[in-house]
Amino acid sequence: MTATATTAGSVTRTAARVVDAVKVYGTGGTAVRALDGVTVTFPAGRFTAIMGPSGSGKSTLMHCAAGLDTLTSGSAYIGDTDLGGLDDRRLTLLRRDRVGFVFQAFNLVPTLTVAENITLPLDLAGGGGDP
């Protein structure tokens, strides 16, 4: 797992990071540069708030860092795994097994309970978990 030294001399594991992240939507005169060379590390076991005005790239950054969207250039990692080097199947497995998502919109299955919605990925993977 990627480690980052801190000023106190201790080591903090990295949950996710992006390096020189660029994301451009569209082409030519209508191109929108949502991310422009962003580098950020998200330490494991810590909460991080990403704040800014509407349209500043917050959701794009999170989608790319979590493997829901791809970067135009740069790199995104979950732990030591470079997301750019994964095919669709391996990316799906990594997201299923190592990333939890809480979306702004309610992407829930309306016929399931809250607990069933939470454990649905585990159920689909054939695993168990504490509801």
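Colleague: Why is Lys23 called buried?

Modeller: Lys23 has a relative accessible area of 9%, and buried means under 20%, with exposed over 50% and partly exposed in between, for a 1.4 Å probe and protein chains only, so Lys23 counts as buried. This is a predicted model, in which local features need pLDDT of at least 70, side-chain atom pairs count only at pLDDT 80 or more, and totals for chains, interfaces and linings use all residues. Residues are numbered from 1 along each chain as its sequence is written, and side-chain values use heavy atoms, leaving out hydrogens and water.

Colleague: What does the side chain of Lys23 reach?

Modeller: The side chain of Lys23 reaches the backbone oxygen of Thr70 at 2.8 Å. Lys23 also touches several residues (heavy atoms within 4.5 Å), among them Val32, Leu35, Thr60 and Cys64.

Colleague: How do you know that E2 and E3 pair?

Modeller: Two strands pair if DSSP finds at least two bridges between them, and 9 bridges join E2 (residues 11–25) to E3 (residues 32–43), therefore they qualify as an antiparallel pair. Tyr25 stands opposite Val32, and the hairpin has 6 residues between its strands, with Gly26 in the turn at a positive phi of about 85°.

Colleague: What makes the buried residues of H1 line one face?

Modeller: In H1 (residues 58–65), Thr60, Leu61, Cys64 and Ala65 are buried. Seen down the axis, they fall within an arc of 125°, so they line one face of the helix, the arc being that of the directions from the axis to the C-beta atoms. These residues pack against E2, E3 and strand E4 (73–78).

Terms used. Helices (H or I, at least four residues) and strands (E, at least two) are DSSP runs, numbered from the N terminus. A polar contact is a pair of N or O atoms within 3.5 Å; within protein, one must be able to donate a hydrogen and the other to accept it, and residues adjacent in sequence count only if both atoms are side-chain atoms. Lists of a residue's contacts leave out its neighbours within four places in sequence.
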